Structure formats: C-alpha cells, structure tokens
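Please read the following briefing alongside the sequence and the coordinates.

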Amino acid sequence: MKKVVIINGHPDKESFNFSLSKAYKIGTEKSNTELKIINIRELDFNPNLQYGYRKRTPLEPDLLNAQATLKWADHIVWVFPVWWGSVPAIMKGFLDRVLLPDFAFKKRENSLWWDKKFKGKTARIICTLDQPAWYYKWFNGNPSHNAMKKLTMNYIGIKKVRITTIGPIRLSKENFRKKWLKKIELLGEKVN
C-alpha cells in the first residue's frame, strides 16, 4: 500500500487549490493508498528561519508532526499557487523550517557534498498560475518549477518529480475548472 501525503500551500481555504487537493484526495480513495493531508495554513509555527542555519530554532509540535508525515510518505503531493514566480510565503517558511539539515539532507564533513535523506520517494507538484502554462515556461523559465523540483525535491533525494501546471486561473470559466478537477482526480487514482 502506497503512503501519500498532500501538502497544500495556499493560505486561503476557499481557493481553487483546496478544490484541487480535494480532487486528488478523492482519486486516492479509489486506489490502494494510505493518505495524510497537511494544510500549511492550519499549522501553528513561525515561518521565519530566525537564525538561518547558524543556530537551530526549536520546532513547534505541528512541524514535528509534519516531519514525521514526510518521513512516513512514499509520495509527496504539493499543491500551491505560483505567486511572483515562487511559492506563497507561508509555504516557503514551511520548507525552510521543515526540510532541515540532518532531517532532509546531511552535509558531509569537510565537503561541499551532502547525503540525500529522501531517496526512493516520489513527488507530484500541482501549481496554479494567472498566466498560460506555456507562457510561464517559455517566457519566464518556470522559476517555481525549478526551485521546487531541482533545488528542493532533487536536493533532498527525490528524483522522480512530476509537475502539473494549471493556468490561467484568473478569469477562468467553470468548465475549465471542472475539467482540471477531473484530471487531478485521475492523477490521484494513479498516485502519480
């Protein structure tokens, strides 16, 4: 049985991103999976990595639970809007505070290299845009995709990362959104 966690990085529970998370959840319920959900907006934590990596900021209970869930999961699904070419501030704070050295990776002594602690896991990124996906790719270079896939997921050892980009959401019609909800539900059924 595959263990899946859906992590929603949108701060607004009324957002389309929450509908996408629900659609993926409905899909996984049709497959042989165990599922956990983390809605970052519901967590009680300071998103600021106050001392950088110089000094450890104690983790709040919600972040300790999130780390346990990430360690437990085989497949991590990230759902978030792209804002200013990146993830929302609350999600960035979550990444900074949770994916710490000795948890997600371990720096080697006297070396620029590191050990990746999330090898063998897979990930799916589902992100929404207020521009067409092709425009985001060809004119803007997919900055959030690169940051999440290459500089975060690959950095901690997750090699197989698939990305679903949905846009433009702004001014989109109900049929457009329903079509995407069905597609995301099907992704959940396949757990990929």
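Residues are numbered from 1 along each chain as its sequence is written, and side-chain values use heavy atoms, with hydrogens and water left out. Because the model is predicted, local features need pLDDT of at least 70 and side-chain atom pairs count only at pLDDT 80 or more, whereas totals for chains, interfaces and linings use all residues.

**Helix α2 and its packing**

- With 12 residues, α2 reaches 16 Å from its first C-alpha to its last, close to the 16 Å expected at 1.5 Å a residue, the expected span being 1.5 Å times one less than the number of residues.
- Helix α2 (residues 61-72) packs with helix α3 (residues 89-98) at an angle of about 75 degrees, their axes being 10 Å apart; axes are lines fitted to C-alpha atoms, for helices over the stretch in contact, and angles run from 0 to 180 degrees between N-to-C directions.
- The helices α2 and α3 are therefore roughly perpendicular to each other, a label given to angles of 65 to 115 degrees.
- Leu 63, Ala 66, Gln 67 and Leu 70 of α2 make this contact with Phe 94, Arg 97 and Val 98 of α3, contact meaning heavy atoms within 4.5 Å.

**Strands β1 and β2**

- Five of the seven residues of β1 are buried, so this strand is largely enclosed by the rest of the structure.
- Strands β1 and β2 pair in the parallel sense over seven bridges, pairing requiring that DSSP finds at least two bridges between two strands.
- The bridge partner of Val 4 in β2 is Leu 35.

**Two residues of helix α5**

- Ser 144 lies in helix α5 (residues 143-153) and, at 2% relative accessibility, counts as buried.
- Leaving aside residues up to four places away in sequence, Ser 144 touches Phe 80, Val 82, Gly 85, Ser 86 and Tyr 136.
- Lys 149, also found in helix α5, is partly exposed, with a relative accessible area of 28%.
- The C-alpha atoms of Lys 149 and Arg 162 are separated by 8.4 Å, the two residues being 13 residues apart along the chain.

Note on methods:
Helices (H or I, at least four residues) and strands (E, at least two) are DSSP runs, numbered from the N terminus. Angles under 35 degrees count as roughly parallel, over 145 as roughly antiparallel, 65 to 115 as roughly perpendicular and the rest as oblique. Buried means under 20% relative accessible area, exposed over 50%, partly exposed in between (1.4 Å probe, protein chains only).
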